[in-house]
Amino acid sequence: MVLSGCAIIVRGQPRGGPPPERQINLSNIRAGAMARRAAQGQPDTKDTPDEPWAFQAREFLRKKLIGKEVCFTVEIKIASGREYGMVYLGKDTTGENIAESLVTEGLATVRREGIRGNNPEQARLCEHEDQAKASKKGMWSEGSGTHTIRDIKYTIENPRNFVDSLHQKPINAIIEHVRDGSVVRALLLPDYYLVTVMLSGIKCPTFKREADGTETPEPFAAEAKFFTESRLLQRDVQIILESCPNQIILGTILHPNGNITELLLKEGFARCVDWSMAVYTQGAEKLRAAERSAKERKVRIWKDYVAPTANLDQKDRQFVAKVMQVVNADAMVVKLNSGEYKTIHLSSIRPPRIEGENKDKDKRFRPLYDIPYMFEAREFLRKKLIGKKVNVTVDYIRAATSAGEGTPAFPERTCATVTIGGINIAEALVSKGLATVIRYRQDDDQRSSHYDELLAAEARAIKNGKGLHSKKEVPIHRVADISGETQKAKQFLPFLQRAGRSEAVVEYVFSGSRLKLYMPKETCLITFLLAGIECPRSSRNMPGGMQVAEPFSDEAMLFTKELVLQREVSNIAGDILAQLLLFHSFVCLHTKPKHHSGLFGILSHCVNGNSMQSQRPLPGQKKWKKSLEVNCHLIIQGVICHCVGLSYTPRKHTGYGRALTAHSFLTVRV
């Protein structure tokens, strides 16, 4: 470091840590004193300006010496400990004499009062000074030199306006001081603004000031400071001033040898910080990648780091699965290739939630319809994901929490990034204003691997006023639930009869043949039973105790779930679902034929939905007979509606014939 035109600070080679510093003052010469700011807290003191040609002398040495190897000799050491000597550029005293170069350029004067006639070095200094005077160089030129005095601006009246006026354009600067690894003091050129800049997106270990005025370094604080000093201190750089929150100027320092922000992260001297990452203009993903590299190598501040998914095998960290159900706006049930079902939560996002308590105590609270934008968020995920294969990357596993005062208990949750067709589902959800991004403590690494993209998507949603961030009135969903009230069902039945064909979404599967439908056009919930068939009943609570599940009840319900749960269906005359259930042997027949295999003697294979003639006939049958007479029933809480459709009746085995006239009004759009 160059303190002035006649004083420098040198360091040795680092060995296991920052090397000691040593100040060397040039013997027999004097350069102008540099400007000094008034002491803080002392109103009587004033700022001291540069002496003429002082800054030019400092710059001459800075450009010649910074980062270079020098050799020095100490001639005298005074009682205060200050050392005076000669400095040579290079490894030995045969290099360029720095004091002579300063005097030759007219940037320093010779102290002639202490010259001894028998000292050849002092004699050469006098000769160089005489030549500079004759050539009118530097301070020996005509004029008082006032044009060489800088007008340093130590404070900025409105930092935010100042930063905005630069429009994030790179400006030339000199790094004058390094406070810690991520905070520097820079002199902006050519207007000489002296500003403190914090590196955007990162934070290094700092020095904590104690009550007695001493500073205690955090682990690796000194090493981080030395890392930045050795690369930036008094170097010519370019700075992009990116933002100014709370009077703190955030910026990125560009150096020909690289980006110091990324280097600090890569070497384990810094960690990413979310609050300033959003303004980083050079690509936040580069910072995350650099930090991830340091974590994987466990260097410096990450020496004890344990990854959130360290205990998971690779096949459990990344896998492909089929979405079977959307639980709410941030969770879904997927089916793995092994056939196992797993609940996945989207990492780092929070679904819509109601503020305060439910005001209407008498009304049954239904989160899907009563929480603003919850229904829109669920529908977005349902339409995009149900029945589709997605790529799942597990980011972390949130441990189970016990119930506390005012907070419910949560089971262990697997949080992951889910993508389909290269689209991050969580990011798409947040960008539409249908979810918000969770804020974490700085030391909490359990977050999405695409956390910065989520923050950027949320910022766009806020700016555009979408969804939860909109200032418009929230959408209200008045959904009539007539699934449990017979009287309402009877009143509603004529509307369904006149509609003829109605669109619906299967909201819930009670059993293989009992469903709950949401009809968006009619805005109601109904209970739907497949007519003519009866699936085994699953276990349920009864007044007399728990009713035991019948055989194959779980298989029937699972089959129906995979086929229609949360799918869009149409109420039309058709028998696809009923036939599928029949051919998978999950329904009950009220007559028992002589010849049967398995549970019902019906082979388990798919039905193409066009005709039964392509099906394999039942035992003892030669061909099928198509009949125009049908008996289809839609049962809504005991209300029966007779409709017309197609059925298939075999010549013999009327028991099978009666069973195969079982029709539903469901055609699944797959």
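Trainee: Which residues is Ser 538 in contact with, leaving aside its neighbours within four places in sequence?
Mentor: Phe 510, Ala 549, Ser 553 and Asp 554. Contact means heavy atoms within 4.5 Å. This is a predicted model, where local features need pLDDT of at least 70, side-chain atom pairs count only at pLDDT 80 or more, and totals for chains, interfaces and linings use all residues. Residues are numbered from 1 along each chain as its sequence is written, and side-chain values use heavy atoms, with hydrogens and water left out.

Trainee: And where does Ser 538 sit?
Mentor: In the loop between β30 (524-530) and β31 (540-542). Strands are DSSP runs of E, at least two residues, and helices are runs of H or I, at least four, numbered from the N terminus.

Trainee: Is Ser 538 buried or exposed?
Mentor: Ser 538 counts as buried because its relative accessibility is 18%. Buried means under 20% relative accessible area, exposed over 50%, and partly exposed in between, with a 1.4 Å probe and protein chains only.

Trainee: How much of the chain is buried?
Mentor: Buried residues are 45% of the 670 in the chain.

Trainee: Switching topic, how many helices and strands are there?
Mentor: The chain has 17 helices and 38 strands.

Trainee: What about contacts in the chain between residues at least 6 apart in sequence?
Mentor: Of those, 61% join residues at least 24 apart.
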